[in-house]
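Hi,

Here is the structure I promised to send over. Have a look at it first, and then read on for what turned up in it.

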Amino acid sequence: MSDDVDEDNDLPLMANADEIRVRHYKLKLEFDFDTHRVKGSAIIFLQPLVARDCQSDFEVILDCRHLDVSSVQEVEVCQPFAKIEDLFLNEKAKWSDRQILFDPWFDSSRTLDTLRFKLEPWCVRVTKASVSTAFDFPRVIRFDWSTRPEGRSLLWRQDQNGSDSLFTPAAAVNNRSLFPCQEPPIAMASWQCVASTKQKNRGIKFFVTGDEDAVISHDEEFYFYTQMVLPMSTFAVAAGRWTVEEIVSRHSNISSDKLGPTVEMPMHSGYKEVQCRKKHDPYPCHIDRGDIGPTIPCRLIGPDNLVHQVRDQWKIYLPACLEAAHSLLGPHPFKKLDIVILPRSYSGLGLSSPSLMFVSQSVVLNCDGYNLIRLAHEVSHSWFGLVVGALDWTEEWLSEGFATFAEDHIHLAAMKILKERRPDRTHFGGYPLADNDSFSWTEWSKCRALIKYKTLAAELEATPEDQQVMRPMSGRELRDPSTEIAYVKNGQNPELAFTQVNYMKGYFLLRHFASIVGLERFFGLLRYYVHELYHGCLVHSTDFLNLFFKSFPDHFPIGDRERNVKKICSEWLDTPRLPNCVIAEFEAAETRTSTSNFMKAVQEAIPDRKRGRKRKMSGRFNSETMSSCLVPEQIILLLEELLECKTVGKSVLKELDEKFSFKNQNADVMHRWCELIVKHNAVEHVPFLESFLREHQAMGIYLYAEMAMKRNVFQKVALAVFESLEKEMDPNTVVNVKSILFEPSDQNK
Ligand SMILES: [Zn+2]
Ligand SMILES: [Zn+2]
């Protein structure tokens, strides 16, 4: 790949975080739901890192985009301090008391000199007259600004009940259209935040990443704080007129015996003896705080009708899921969890930030065991992505690949916990809790891998080769040689927002590792990696690889470590496509035509499946022989098989719909059904398709492509649905759908 910067797609990192570092933010944000602007003030604590004299005025550069900065001022520091932390990280001081640690800093009597600043498209540069070194620059400064409606850090949308709401959609620009900050991941900081709205009487509640639930003042200001030092991209906010329902109570958190009999977890081991090695910036980390688990308090937040749809089910599942994650991955890094159901325009399925998880309504509607795995996935991000993060954003597999690997194991362990704890139940979320004649959890795991393989194979076909690489920078930096500005490769490229290549390739790499050393030992290594070694730190892919090849001398001689790491980089991380060993495994006839009962149920429905891609399916669909209680993975594989048939008769489609009642299935099953509808021109199902595109906006992108290619009534439907949704949709989704619908020659080559 080329080292050239692509200004349209690569994302600049302007902040000079290697010269002076923001250690703490105090943020006051007032959200105006009528003008879609935020009035912001921030007190920012700076720590100088290099003593170099610039000869000219020293600049503090903060990343920002579409902000109207009105003033930057020096703030008076009243108490003496040796280190900047002394000003805000006093262990005795109670962060929960905003009167002591927050409000006084915003007092206008404390502002001193007005500093000079220059606003550029991607940053703000601040100088003080005749200060030429970082050490002479003021340590505490105040910014005042307002956001512009075109900024991408916030989406202001009506929620499912038509009420005002907003959320941070994990845009390419992260939070730099919300407040000025240092964006490079190394610039980790803690924060306090007071969020409020101008429209006090609308009953809007705020949810911000924070250690504790908000402290709400009489004038409806919501106060949050996060003591852990984190990259600023992990800051998230959502607000709406929402119901808050307790899902896991604070009281079930005391000890595991309160939850009933202990479930034997072969991989569980004690953490009491683990000590923090202080490799991270100082903060009261979860190791120092002591063992947190097996569950943490958890609340579900969103429009009341959606919350009510799933609360009973999630009240059973989430304690088991959190306990399963605790047993596999160790103590919870965060003390609580708020789960917010976002408006339907949210372009992802889930997003984790510290103590705060966003989920799409696609996870909530017709929620079954299949959707619940998404919760397991997001829960695992507390370990993979948050308590250990990637130094280089483009190495996304370090969070997504790990979470995609962990999700099935956490879910399996959760189902085991439910089986033991709930002897009254035989089924949960549409799945049997114990193996039976046509279902086994071992086969379920294989089937999940097969679905992931099929998803990845399809994505690889549709993704340009340079975007199939798990480590696009190969450990190097992307810098414009003339300006010295660093960039995140493809950081703004809207196409990448929808690709799951990194999730799936990462999954297959970790699965490959686990198959060599054994699952139990592999999870032991993961616990060591996230707890003892790297909690609170950022890593490169090679840090994990080196650890892996060091940890199993019985499989990999220590002397071969360097060679082994290089081999994995060249065969997996730095190359497009998938290694042959994975392709061989899944393309092998045995895997696909496995004689398991699990797959038999699927295969019996399609008796002539061996004829390959050209086969027809008209009226020979054996719906009678097929068990009607297939689990979602079986239904998905059945639909995938049918998608490979050249023709499928109308009567078969009708029978399928009668049998499975697709309108009551989870979004992933519905998605395959929609593909079948489009592929076989089943115009009578167009209303179903339209409703899917409206309600599951994160999942429709491939359908738009398939519909556009049809150049018939489906193309017209795609255009009409898109036009009706364009204003509501996530701007990234709009760019992608537009390119599909209006530049078909480019897209469908
Ligand atoms: Zn620690
Ligand atoms: Zn994820």
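Let me start with a strand pair: S11 (residues 164-167) and S16 (residues 237-240) run antiparallel and are joined by three bridges. In this pair, Phe167 stands opposite Ala238 of S16. Strands here are DSSP runs of E with at least two residues, helices are runs of H or I with at least four, and both are numbered from the N terminus. Two strands count as paired if DSSP finds at least two bridges between them.

Before going further, some housekeeping. This is a predicted model, where local features need pLDDT of at least 70 and side-chain atom pairs count only at pLDDT 80 or more, while totals for chains, interfaces and linings use all residues. Residues are numbered from 1 along each chain as its sequence is written, and chains are lettered from A and ligands numbered from 1 in the order in which they are written.

Back to S11, which has another antiparallel neighbour: four bridges join it to strand S10 (residues 155-158). Leu155 has Phe167 as its bridge partner there, and Phe167 is also the residue opposite Ala238. S10 and S11 make a hairpin with five residues between them, and Gly162 in the turn has a positive phi of about 80°.

There is also an open sheet of eight strands with mixed pairing, in the order S6-S5-S9-S3-S2-S12-S15-S14. Its edges are S6 (111-114) and S14 (215-216), each with a single partner strand, so one side of each has no neighbour in the sheet. At the S6 end, two bridges join S6 to S5 (residues 67-75), and the two strands run antiparallel. Gln73 is bridged to Thr114 in S6. If you look at side chains, bear in mind that in a regular strand they alternate between the two faces of the sheet.

Now the helices. Two packed helices are described by the angle between their axes and the distance between the axes. Axes here are lines fitted to C-alpha atoms, for helices over the stretch in contact, and angles run from 0 to 180 degrees between N-to-C directions.

H3 (residues 304-329) and H5 (residues 369-380) pack at about 45°, with axes 10 Å apart. That is why H3 and H5 are oblique to each other (under 35 degrees is roughly parallel, over 145 roughly antiparallel, 65 to 115 roughly perpendicular, and the rest oblique). On the H3 side, the residues in contact are Tyr317, Leu318, Cys321, Leu322, Ala325 and Leu329, and they meet Leu372, Leu375, Ala376, Val379 and Ser380 of H5. By class, that contact has 10 nonpolar residues, one polar and no charged. Contact means C-beta atoms, placed from the backbone, within 7 Å. For the classes, Ala, Val, Leu, Ile, Met, Phe, Trp, Tyr, Cys and Pro are nonpolar, Asp, Glu, Lys and Arg are charged, and the others, Gly among them, are polar.

The axes of H17 (residues 667-679) and H18 (residues 686-695) come within 10 Å and cross at roughly 135°, which makes H17 oblique to H18. This crossing is left-handed. Met670, Cys674 and Ile677 of H17 meet Phe688, Leu689 and Phe692 of H18, so by class the contact has six nonpolar residues, with no polar and no charged ones.

A few loop residues are worth a click. Ser355, between S20 (350-353) and S21 (356-359), has a positive phi near 65° without being a glycine. With 28 C-beta neighbours inside 10 Å, Ser355 is buried (20 or more other C-beta atoms within 10 Å, placed from the backbone; 12 or fewer is exposed, and in between is partly exposed). Arg577 sits between H11 (561-573) and H12 (580-587) and also has a positive phi near 65°; with 16 such neighbours inside 10 Å, Arg577 is partly exposed.

Tyr283, in the loop between S17 (243-248) and H2 (286-289), is partly exposed, with 17 other C-beta atoms within 10 Å. Tyr283 and Val229 are 54 residues apart in sequence but 6.7 Å apart in space, C-alpha to C-alpha.

Overall, the protein chain has 22 helices and 29 strands, and 47% of its 749 residues are buried.

Cheers

Definitions and conventions:
Two residues are in contact if their C-beta atoms, placed from the backbone, lie within 7 Å. A crossing is left-handed if the near helix is turned anticlockwise from the far one by less than a right angle, and right-handed if clockwise.
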